[in-house]
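Please read the report below alongside the sequence and the model.

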Amino acid sequence: NTMQANTAIVSGGTINGAYGIFSYADDNDHTQSVIKITGGTFATGYSAKYAEDDGYIFVETGDGTYGVVEEGSVAQIVGGQGYPTLAGAFGAVENGETIIMLADVEVDESLNNTKNITLDLNGKTIAGTDNTTSNFGLIHNTAELTITDNSAAKGGKITLTATNDTGFNRYSSVVSNNPGGKLTVDAGTLQHLGGTSMSYAIDNLTNGKGTYAETIITGGTIE
């Protein structure tokens, strides 16, 4: 807590306790204290108002705690910063980390995954559009990718619609699991909505080249 004309800035770390951070000046006749929250992990959402003053918001991280991200973020690397685009999150994530969705998002470019990560749909929808006439994977995986949904309803989706019917000249897939890749799906829906002949929710691209792709499905819906 802070009193009188103090300034407290929180940009990281873990804050436990029911009240997190608060100012006595909120409830008493003291000179106004200043609290700025731009990062960190909090046990409750009590301190969210201090983040909102500077353009940040509290978001649930799927494990009962709250992270802090810039307003307008569509995804967050759990324990780290938020990103205004999903491509930005995929570009920044490191091995062992989790990308959690914060909002529904539309994507019209491939998201390349080269790290061993988890994608938590968190009840949100990633709606992809394939505008190409060549092979296309909305998520192009060459590492270990786990797709899950830790929201209560587990209603998260990744969908893809192709806009060019190229017959059997190319594939269009929600997830292209490439040689050397390992894909695990344990929750959420992967759905290709069609638009071209070779439309797949998952394309496990082994193709007899000696380096194989592995797909494990323990839950969720594949359409």
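The text covers the overall build, the nonpolar cores and the salt bridges.

This is a predicted model, in which local features need pLDDT of at least 70, side-chain atom pairs count only at pLDDT 80 or more, and totals for chains, interfaces and linings use all residues. Residues are numbered from 1 along each chain as its sequence is written, and side-chain values use heavy atoms, with hydrogens and water left out.

The protein chain has two helices and 20 strands, taken as DSSP runs (helices H or I, at least four residues; strands E, at least two) and numbered from the N terminus. Of its 223 residues, 43% count as buried, meaning under 20% relative accessible area, with exposed over 50% and partly exposed in between (1.4 Å probe, protein chains only).

A nonpolar core is a set of buried Ala, Val, Leu, Ile, Met, Phe, Trp, Tyr and Cys residues joined through side-chain atoms within 4.5 Å. The largest has 31 residues, and Leu86, Ile99 and Leu119 are among those with the most contacts inside it. Another core, of 11 residues, lies apart from it and includes Ile35 and Phe42.

There are two salt bridges, each a side-chain nitrogen of Lys or Arg within 4 Å of a carboxyl oxygen of Asp or Glu.

| Pair | N to O distance |
|---|---|
| Lys115 and Glu94 | 3.2 Å |
| Arg170 and Asp130 | 2.6 Å |

Arg170 lies in the loop between strands S14 (157–162) and S15 (172–177) and Asp130 in strand S11 (residues 125–130), so this pair ties together parts 40 residues apart in sequence. Arg170 is buried at 2% relative accessible area, and Asp130 is buried at 0%. Lys115 is partly exposed at 23%, as is Glu94 at 42%.
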